[in-house]
Amino acid sequence: MTSVESISQPQREDTKKVRRVPGSTYRLQMHSHFGFSDARSVLPYLARLGITDCYTSPILKASPGSTHGYDITDHNILNPDLGSEADFQQFSRSLKEQKMGHLLDFVPNHMGIDPEHNPDRKSVV
């Protein structure tokens, strides 16, 4: 499982701030039957359509079997239902190869309340 901190820190040689403004976006609904590898496979098609940025539903660890990802159980790791860290890294590289950006649907208060799968919730209940 991947630490979100390790994937969220850009690796840049220069320290200039780069601001990317999306031109056109396409939303991909990530779930166990459409993960990082599946998303990667549609990128060339989206690029041919003129899509500049891929907008994905949440990719952080959600309740097992979640079809939407908004029931996050751990904001610190990727959702294993979507694939491995290597799958995510390949997806990210493919975005770069297609000259596409990645918009991530991330809202800190989106959390699943199942105490069995959410240790933070379990600690306060």
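The following questions and answers concern a predicted model of a protein chain.

Me: What pattern of helices and strands does the protein chain follow along its sequence?
Reply: The protein chain contains 4 helices and 5 strands.

Me: In what order do the strands of the open sheet lie?
Reply: The open sheet is formed by 3 strands with parallel pairing. Its edge strands are β1 (25-28) and β5, each of which pairs on one side only. From one strand to the next, the twist averages 25 degrees. The order is β1-β2-β5.

Me: At about what angle does α3 run to β5?
Reply: Helix α3 spans residues 85-97, and a loop separates it from β5 (101-104). The helix lies across both β2 and β5. Its angle to β5 is about 130 degrees.

Me: Is lysine 99 buried or exposed?
Reply: Lysine 99 is placed in the loop between α3 and β5. Its phi is positive, near 60 degrees, and the residue is not glycine. In general, most residues other than glycine have a negative phi. Because its relative accessible area is 69% and the cut-off is over 50%, lysine 99 is classed as exposed.

Me: Is serine 63 buried or exposed?
Reply: Serine 63 is found in the loop between β3 (60-62) and β4 (72-78). Its relative accessibility is 12%, and the limit for burial is under 20%, so serine 63 counts as buried.

Me: With which residues is serine 63 in contact, leaving aside its neighbours within four places in sequence?
Reply: The loop that holds serine 63 leads from β3 to β4. Once neighbours within four places in sequence are set aside, the contacts of serine 63 are Asp71, Thr73 and Asp81.

Me: Among contacts between residues at least 6 apart in sequence, what percentage join residues at least 24 apart?
Reply: The count takes in contacts of the protein chain whose residues are at least 6 apart in sequence. Of these, the share joining residues at least 24 apart is 71%.

Technical notes: Residues numbered from 1 in each chain as written. Predicted model: local features only at pLDDT ≥ 70, side-chain atom pairs only at ≥ 80, totals over all residues. Heavy atoms only, no water. Helix = DSSP H or I, 4+ residues; strand = E, 2+ residues; numbered from the N terminus. Contact = heavy atoms within 4.5 Å. Buried < 20%, exposed > 50% of the residue type's maximum accessible area, 1.4 Å probe, protein only. Pairing = 2+ DSSP bridges. Axes fitted to C-alpha atoms, helices over the stretch in contact; angles between N-to-C directions.
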